[in-house]
Amino acid sequence: VQLQAFGGGLVQAGGSLRLSCAASGRIFRVNYMGWYRQDPGKQREMVADFTSGGSTKYAESVKGRFSISRDNANNTVYLQMNSLKPEDTAVYYCKAAIRQFFSDSFRDYWGQGTEVTVSS
């Protein structure tokens, strides 16, 4: 199983970016999907997540600016980031809880990270 994240880049403050993350491999079911971010020297923090039940959760710092969505048919999760601020600069990681065909349990997987830099 692989998670591949795309869409990071350099953007000016106030701009927008859309991140995507696709899960591939011998996947039976994807349960949890979410986005996290990490600054060097800081702990990784949850940005937004999306459960299979349909509920979403956002970090207080991104509420009203970021929006998470999911394409269950393609095991893909997106993060639309608007009104970006310099403090949003970080490496963004996607995470998913995946059950493979030959397994009876879910396991957490992380994407490789995509860098977002917001200039002031």
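Is valine 116 buried or exposed, and what is its relative accessible area? Valine 116 is buried, at 0%. Buried means under 20% relative accessible area, exposed means over 50%, and partly exposed lies in between (1.4 Å probe, protein chains only).

This is a predicted model: local features need pLDDT of at least 70, side-chain atom pairs count only at pLDDT 80 or more, and totals for chains, interfaces and linings use all residues. Residues are numbered from 1 along each chain as its sequence is written, and side-chain values use heavy atoms, with hydrogens and water left out.

**Overall fold**

- The protein chain has 11 strands and 0 helices. Helices (H or I, at least four residues) and strands (E, at least two) are DSSP runs, numbered from the N terminus.
- The radius of gyration of the protein chain is 14 Å, close to the 14 Å from the globule rule for 120 residues, so the chain is as compact as a globular protein of that length. The radius is taken over C-alpha atoms, and the rule is 2.2 Å times the number of residues to the power 0.38.
- Along its principal axes, the C-alpha trace spans about 50 × 25 × 25 Å.
- Residues 24 or more positions apart make up 56% of the chain's contacts with a separation of 6 or more. Contact means heavy atoms within 4.5 Å.

**Surface and charge**

- Of the 120 residues of the protein chain, 41% count as buried.
- The accessible surface comes to about 6,500 Å², and 45% of it belongs to carbon and sulfur atoms. Accessible areas come from the Shrake-Rupley method with a 1.4 Å probe; for residues, only the protein chains shown count as cover.
- The chain carries 14 positive and 10 negative side chains, and the centres of the two sets lie 5 Å apart. Lys and Arg count as positive and Asp and Glu as negative, while His and the chain ends are not counted. Each charge is placed at NZ of Lys, CZ of Arg, CG of Asp or CD of Glu.

**Nonpolar core**

- The largest nonpolar core has 30 residues, and those with the most contacts inside it are Trp35, Leu79, Met81 and Tyr92. Such a core is a set of buried Ala, Val, Leu, Ile, Met, Phe, Trp, Tyr and Cys residues joined through side-chain atoms within 4.5 Å.
- Elements giving two or more residues to this core include β1 (2-6), β3 (17-24), β4 (27-38) and β11 (114-119).
- Strand β9 gives the most to this core, with 5 residues.

- Valine 116 lies in strand β11. Not counting residues up to four places away in sequence, valine 116 touches Gly8, Gly9, Leu17, Leu19, Met81, Asp88, Thr89, Ala90 and Tyr92.
- Leucine 10 is 106 residues from valine 116 in sequence, but their C-alpha atoms are 6.2 Å apart.
- Methionine 46 is in strand β5. Beyond residues up to four places away, methionine 46 touches Tyr32, Trp35, Tyr36, Lys57, Tyr58 and Ala59.
- Methionine 46 and serine 119 are 73 residues apart along the chain, with 22 Å between their C-alpha atoms.

**Positive phi in loops**

- Most residues other than glycine have a negative phi.
- Asparagine 75 has a phi near 50 degrees, a positive value in a residue other than glycine. Asparagine 75 sits in the loop between β7 and β8 and counts as buried at 19% relative accessibility.
- Serine 83 also has a positive phi, near 50 degrees. Serine 83 sits in the loop between β8 and β9 and counts as partly exposed at 41% relative accessibility.

**Other loop positions**

- Glycine 53 is in the loop between β5 and β6 (56-58). At 71% relative accessibility, glycine 53 counts as exposed.
- Tyrosine 32 is 21 residues from glycine 53 in sequence and 9.1 Å away in space, C-alpha to C-alpha.
- Glutamine 112 is in the loop between β10 (107-110) and β11. Not counting residues up to four places away, glutamine 112 touches Leu3, Gln4, Ala5 and Tyr93.
- Glutamine 112 and leucine 84 are 28 residues apart in sequence and 22 Å apart, C-alpha to C-alpha.
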